[in-house]
Structures are given as C-alpha cells and as structure tokens.
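Hi there,

Here is the structure I promised to pass on.

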Amino acid sequence: MGSILENACAQMLTAAGFKLRYFDKKNRGEVDFLIECGGDVAAVEIRPGGDYKRHAALDYVLSEESFGVSRGIVFCGGNVEQEGKILYLPWYLAMFLDRKDSYPVMDL
C-alpha cells in the first residue's frame, strides 16, 4: 500500500506545480520528496502505517543545517498535528498544498 500512496501523493503534488526531488544517502535512508514552499525547502514523507512518527531519514535531514531543509511534512493516516519542525497531515491534504505558501497549512 505504501507505493500506491506515495504515487498518489506524488501525482497530487505534481498537479499542484511542485517539482519533486528526493534525498537518498547510504546509511541514513531516503526521504520521499523534497519540495519548495514559498522559497523554503520541505522534506515530505508518505507513511502508510501506524508508525508514522518513526522517520530516521527525515530526522537526519532536518538536523543537518547544511542541507537547508527548514521543515518536514509527513502525510499519514493520523490527524493534523505538529511536533517541532514536523507537520503531520492526513494523506488527502496533499492536494491542498500551495507552493507559494511559506507554511502550507493553517496555524496550529
């Protein structure tokens, strides 16, 4: 199911005008997508299971200032929630991201 959700979210993000990039580093893992929102870079993870708050590669990318990634967005089966630099959103909200917004969701 993970690959299907990842492809569906990729389609929604592409349809919204995002140019999708990805991060893959040996021994650190991969981040599904890197996107630009309002001039900032956000790392995006698509998580199909209940362990959506476990994301070692995303945590690594956010901890390395030299990468220039300012926040993370995790699309998951949970509700809207924010923990530090990471915003958790239900999968269907991918279609509402706007690449011009510096923070693509309402204040939490």
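Glu81 is partly exposed, with a relative accessible area of 27%. Please keep in mind that this is a predicted model. Glu81 forms a salt bridge with Lys53, and the closest N and O atoms of the two are 2.6 Å apart. Lys53 sits in the loop between β3 (40-46) and α2 (56-63), while Glu81 belongs to strand β5 (residues 81-83), so this pair ties together parts that are 28 residues apart in sequence. Lys53 counts as partly exposed too, at 36% relative accessibility.

Lys53 has another partner: its side chain also meets that of Glu83 in a salt bridge (2.7 Å, N to O). Here again distant parts of the chain are linked, with Glu83 in strand β5 and Lys53 in the loop between β3 and α2, 30 residues apart. Glu83 is partly exposed at 39% relative accessibility. Through shared partners, the salt bridges join Lys53, Glu81 and Glu83 into one network.

In total, the structure holds four salt bridges. One of them is between the side chains of Arg47 and Glu45, at 3.5 Å from N to O. Where do these two residues lie, buried or exposed? Both Arg47 and Glu45 are buried, whereas Lys53 is partly exposed.

Phe96 lies in the segment after β6 (86-90) and is exposed, with a relative accessible area of 54%.

Terms used. Residues are numbered from 1 along each chain as its sequence is written. This is a predicted model: local features need pLDDT of at least 70, side-chain atom pairs count only at pLDDT 80 or more; totals for chains, interfaces and linings use all residues. Side-chain values use heavy atoms; hydrogens and water are left out. Helices (H or I, at least four residues) and strands (E, at least two) are DSSP runs, numbered from the N terminus. Buried means under 20% relative accessible area, exposed over 50%, partly exposed in between (1.4 Å probe, protein chains only).
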